[in-house]
Amino acid sequence: MTLSMLLGEPRVISVGAAVLGEALDQQAVPWTPVDWRPPLPGTSDALARVLADPRRERANALAVGRLLSARPQLVGVRRARDVLGLEPGTFFHAGPPITWERASGPMRGALIGAMLFEGLASSPEDAERRLASGEGITLDPCHHHRTVGPMAGVVSPSMWMFEVTDAEHGGTAYCSLNEGLGKVLRYGAYGTEVVERLRWMGEVLGPVLQATLSRTGPLDLRSLIAQALQMGDELHNRNRAATSLLVRELAPAIVDAAPDRAAEVLRFVNGNDHFFLNAGMAAAKVSADAARNVPGSSLVVAMARNGTEFGIQVSGLGDRWFTGPAGVPDGLYLGAYGPEDANPDIGDSTITETSGLGGFAMAAAPAIVRFVGGDVSDAVAATTSMYEITLAEHPAYQIPGLGFRGTPVGIDVTLVARTGILPVVNTGIAGRVAGTGQVGAGLVSPPVEAFTAALEALVLA
């Protein structure tokens, strides 16, 4: 064998050493690259034990199968106090649990705005004093109540919510209505125009949409999202096609339901390309929830940020949160704003990535790079890399530019640990000072600590 190796042509394999491959190319030596990475530091023992769990393969197949087979439908628009049991002084928020003392600027700003909207404070200063005292105030994550909220994600009793059900598995999820861009509550703004817009949404938009959906019946959001992907959306930072498709479905019934209000409602939606985002988030939430609570599964069923921490939840680990510090997105800024004005990552909208959309579908939305930075090849590379940490490809959510390949879906904690690749998230950027609003948009990765902590917990599960 030694003689044959010396006399024959060498067969070279390069493992994780691209610079050696370049040297071989210069010498015209054929070689085979192997894309290998060491596991995340300190995870080898835990990774081996979790991979050896005899439940894991079947549990993951069951969990991801539920996620893929979910059939989210928009069935109604209802007040939060009616469907979520919210009492005055109780507010839901984005991300893992947070207290006022640890809350970021935009989270505080949104809570102040919600206090003013609900008539629980006479001024921003009064709202801040009441929130700081904690008397009569309850803060709880949206995710604890089948709910998701973009950015600060604050939900108060008088807000109207999209109601989405899963026709396959029977779950229900909720998300507030989208206010538009700029100085809005979800980005931490709380000025007079913010509160007045919320009141109009409560008095006009919500009731009109409620009456509209009572006429249309359930809308198939899975089909609508699939169409929007074919039209250049990725369903997190770009929702223009999805919003247009939604309006196409609803407009005739809006005119029938509220002829005197139809023009202002349609004008509001027409000026808000992100209007579909919140319905899409509820669709993603109800789909991911179908995959929860499968013993032995290492599938991620939630990723969420509260502006201070980034947290994940895992199917086989119940409702436990695994967290790390939220990072500041890297992206493009509006006007004179810059990185020094940015708050760390915030919002429940990473439920889109959790279900195979958003950053995981950027290859379907080349125009997204105009908002988050980079170029088209970066968008394609982002999606392609996510296939390495996911368990499946979505049968309905397909990417034309990748030969109609399904989007990567089903983040697996063990695959993240084995490859060192973290999920890609594209997101808006909130100003760090309460009341500022949106300052930009960009890309961000979750903290590695969240995944390593989840992996260690899986060892004991």
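Modeller: The lining of the second largest cavity is made up, by class, of 8 nonpolar, 3 polar and 1 charged residues, where Ala, Val, Leu, Ile, Met, Phe, Trp, Tyr, Cys and Pro count as nonpolar, Asp, Glu, Lys and Arg as charged, and the others, Gly among them, as polar. This is a predicted model, in which local features need pLDDT of at least 70 and side-chain atom pairs count only at pLDDT 80 or more, while totals for chains, interfaces and linings use all residues. Residues are numbered from 1 along each chain as its sequence is written, and side-chain values use heavy atoms, with hydrogens and water left out.

The residues that line this second largest cavity are Leu67, Ala70, Pro72, Arg222, Ile225, Ala283, Ala284, Ser287, Ser355, Leu357, His394 and Tyr397. On a 1 Å grid over the protein atoms alone, a cavity is a set of points where a 1.4 Å probe fits but cannot get out, whereas a pocket is an open set with protein on both sides within 12 Å along at least five of seven lines, and a lining residue has an atom within 4 Å of a point. The volume of the second largest cavity is about 60 Å³, a volume being the space filled by probe spheres set on the points, with grid points joined across faces, edges and corners. Helix H9 (221-230), helix H12 (275-289) and strand S15 (390-399) each supply at least two of its lining residues, and the largest share, 3 residues, comes from H12; helices (H or I, at least four residues) and strands (E, at least two) are DSSP runs, numbered from the N terminus.

The boundary around it can be described in turn. The centres of domain 1 and domain 2, taken over C-alpha atoms, are separated by 21 Å, and the contact (heavy atoms within 4.5 Å) takes 57 residues from domain 1 and 45 residues from domain 2. The size of an interface is often given as the accessible area lost when the parts come together. Here the area buried between domain 1 and domain 2 is about 3800 Å², with carbon and sulfur atoms giving 58% of it; buried area is the accessible area (1.4 Å probe) that two parts lose on being put together, summed over both. On the domain 1 side, Asn306, Trp321 and Asp348 lose the most area to domain 2, together 16% of what that side buries. Between the two domains the count is 1 salt bridge, that is, a side-chain nitrogen of Lys or Arg within 4 Å of a carboxyl oxygen of Asp or Glu.

The largest pocket also draws on both domains, with at least three lining residues from each of domain 1 and domain 2. This pocket has a volume of about 490 Å³, and of its 24 lining residues the closest to its centre are Leu181, Asn237, His274, Phe371 and Gln438. Strand S18 (438-444) is among the elements that supply at least two residues of the pocket lining, and its 3 residues are the largest share.

Key: Domains from an automatic or database assignment.
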